[in-house]
Amino acid sequence: MSDAPAPGALLARASQAVREADLARRHGFVSNLIGLIIEATGLQAEVGEVCLVGTDRTRAAVSAEVVGFREGRTLLMPLGELHGIGPGTRVLATGAPFRIAVGAGLLGRILDGLGTPDDGRPAPGGIARSTIAAPPGALSRPRITERVALGVRTLDGLVPCGRGQRLGIFSGSGVGKSSLLGMIARSSSASINVIALVGERGREVREFIERDLGDALERSVVVVATSDQPALVRIKAAFTATTIAEYFRDQGHDVMLMMDSVTRFAMAQREVGLAIGEPPATRGYTPSVFALLPRLLERAGTSARGSITALYTVLVDGDDMNEPIADAVRSILDGHVVLTRALAHAGHYPAVDVLQSVSRLVGEIVSPQVAEAGQRLRGALAVLREKEDLVAIGAYQPGSDPQLDTALAHRARIEDFLRQPVNDRSDPADTDARLVELADSLACEQGIVSGDVALDAEEVVSQQIDDRSAQRILGMSDAPAIPALGLNI
């Protein structure tokens, strides 16, 4: 029996295609080209629509996207090189927004920013999907109640990440963001990884795939847009990766989306905004940057079918954690991990500053015992940081601060808990057990020290009261108050 469709079905399909076809497409012509912007006249197109520039028989067309309008002219930004484009070059509107092919065949593949295979292998089949989509509705998102294992002891224990949570990794350049992402990709309990390298150095791409990602490539999709590519391609890379992650989420998978970095995505949008005439705002970033960030970041998260757990790295300018992009991203995401250069220079890996890192869902995804243990460990770290200068110069006298004495006694164990080799993978259950054991040890020793101090104080007061009673018996009732404890018997 043949599986060919019936003639009636073919005719109906053809009729539908004819009815939906745009048979009156208008051609435009390039009138000007300034910087990154192509100006075309006579073109009928909408914002976000893809156009073909240079549709001559002797030259391959260059794809460009409509980004705005000015004085009756259409402004386009190319998705490729501008060579060969001049005044009078023909521009044809395709009538459709930018789309990529998505499907299960993307696993294990390396794509460019436009979703085209970049690994020398044939293009996988799939269905076309627009890179512009609305995030899940606020009331349709299931609550996040389950922790996802990242395989990094510091994160799993002190900055836990829920399944469907969006976490930011903030640091300066060269502090270990890419290595940490590779470590998480290899160790994560998520079924699929989607990794976007936006604006990366070309040299680092292969290093990340072969050294940091390793065997995890088989269950990963890597989208790469290097720093030399056009700004629009770098922007599309972020949306391409998010669209691929959304496809797998719709199939019921738990996806780990990792993007390095959001800052370079924002810089690319700043280039586009300045090129079309937007006024610069904070530190040169245009208003469209801050409007586009939530449209990208809100698309991750939970849905009725699956989840996207997202990790976004933020390259802070001059190690300033309050610079505009870092501040805007931190306000959108559900938590932040801060990597500091001081820890990296000290050989502390991963260089996570626990006191500056926060997960906003810690109370929802870990047990109260683990949460309390994490707070106790944070308290010990806070005491060590507050008095580190006194300890360093030898001005601290042991016994004057019981909490600091306890923290100093446990400093080696705390450091051992927070440090982890790059190739090591931690188990969440083992992490919780070690964290609770360490916190119980801190609490036990603090209780002993506090008890001894209280006992000594009681003995002193008792002795001084006895002395005052003896004085009263001898008729010395006008004796002064005891200055040591501020008592006036």
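**Close-up views of a predicted model**

**View 1. Threonine 74 in strand 5.** Threonine 74 counts as buried because its relative accessibility is 3%; buried means under 20% relative accessible area, exposed over 50%, and partly exposed in between, with a 1.4 Å probe and protein chains only. Strand 5, which holds this threonine, spans residues 73–78; strands are DSSP runs of E with at least two residues, helices are runs of H or I with at least four, and both are numbered from the N terminus. Leaving out residues up to four places away in sequence, threonine 74 touches Ile38, Glu39, Ala40, Leu43, Val66, Gly68 and Phe69, where contact means heavy atoms within 4.5 Å.

This is a predicted model, in which local features need pLDDT of at least 70 and side-chain atom pairs count only at pLDDT 80 or more, while totals for chains, interfaces and linings use all residues. Residues are numbered from 1 along each chain as its sequence is written, and side-chain values use heavy atoms, with hydrogens and water left out.

**View 2. Glutamate 71 in the loop between strand 4 and strand 5.** Strand 4 covers residues 62–70. Phi of glutamate 71 is near 50°, which is a positive value in a residue other than glycine. Glutamate 71 counts as exposed because its relative accessibility is 72%.

**View 3. Threonine 226 in strand 12.** Strand 12 takes in residues 220–226. With a relative accessibility of 13%, threonine 226 counts as buried. Beyond four places in sequence, threonine 226 is in contact with Gly199, Glu200, Gly202, Val205 and Arg234. Its C-alpha atom is 5.8 Å from that of arginine 201, a residue 25 positions away along the chain. The side chains of threonine 226 and aspartate 228 are joined by a polar contact of 2.5 Å. A polar contact is a pair of N or O atoms within 3.5 Å; within protein, one must be able to donate a hydrogen and the other to accept it, and residues adjacent in sequence count only if both atoms are side-chain atoms.

**View 4. The largest nonpolar core.** This core has 59 residues, and those with the most contacts inside it are Ile244, Phe265, Tyr312 and Val329. A nonpolar core is a set of buried Ala, Val, Leu, Ile, Met, Phe, Trp, Tyr and Cys residues joined through side-chain atoms within 4.5 Å. Helix 5 (residues 231–250) gives the largest share of this core, 12 residues. Apart from this core lies another, of 58 residues, which include Ile169, Phe208, Val224 and Val383. In soluble globular proteins, nonpolar side chains tend to be buried together.

**View 5. Phenylalanine 265 and its contacts.**

**View 6. The buried residues of helix 7.** Helix 7 runs over residues 287–297, and Ser288, Val289, Leu292, Leu293, Leu296 and Leu297 are buried in it. They lie on the same side of helix 7 because they cover an arc of only 145° around the axis; the arc is that of the directions from the helix axis to the C-beta atoms. The cover over these residues includes strand 10 (166–171), helix 5, strand 13 (254–260), helix 6 (262–275), strand 15 (307–315) and helix 8 (324–332).

**View 7. Arginine 283 in the loop between helix 6 and helix 7.** Arginine 283 has a phi near 50°, a positive value in a residue other than glycine. With a relative accessible area of 47%, arginine 283 is partly exposed.

**View 8. Glycine 252 in the loop between helix 5 and strand 13.** Glycine 252 has a relative accessible area of 41% and is therefore partly exposed. Beyond four places in sequence, glycine 252 touches Arg305 and Gly306. Between glycine 252 and alanine 304 there are 8.7 Å from C-alpha to C-alpha, and the two are 52 residues apart in sequence.

**View 9. Two cis peptide bonds.** The bond from aspartate 260 to serine 261 is cis, with omega near 5°. Serine 261 lies in the loop between strand 13 and helix 6. The bond from tyrosine 349 to proline 350 is cis, with omega near -5°. Proline 350 lies in the loop between helix 9 (341–345) and strand 17 (358–359).

**View 10. Residues 448–489, where pLDDT stays under 50.** pLDDT is the predictor's confidence in each residue, from 0 to 100. For this stretch the model has 20 contacts beyond four places in sequence. Where pLDDT is low, the predicted coordinates should not be read in detail. The chain averages a pLDDT of 85, and 87% of the residues score at least 70.
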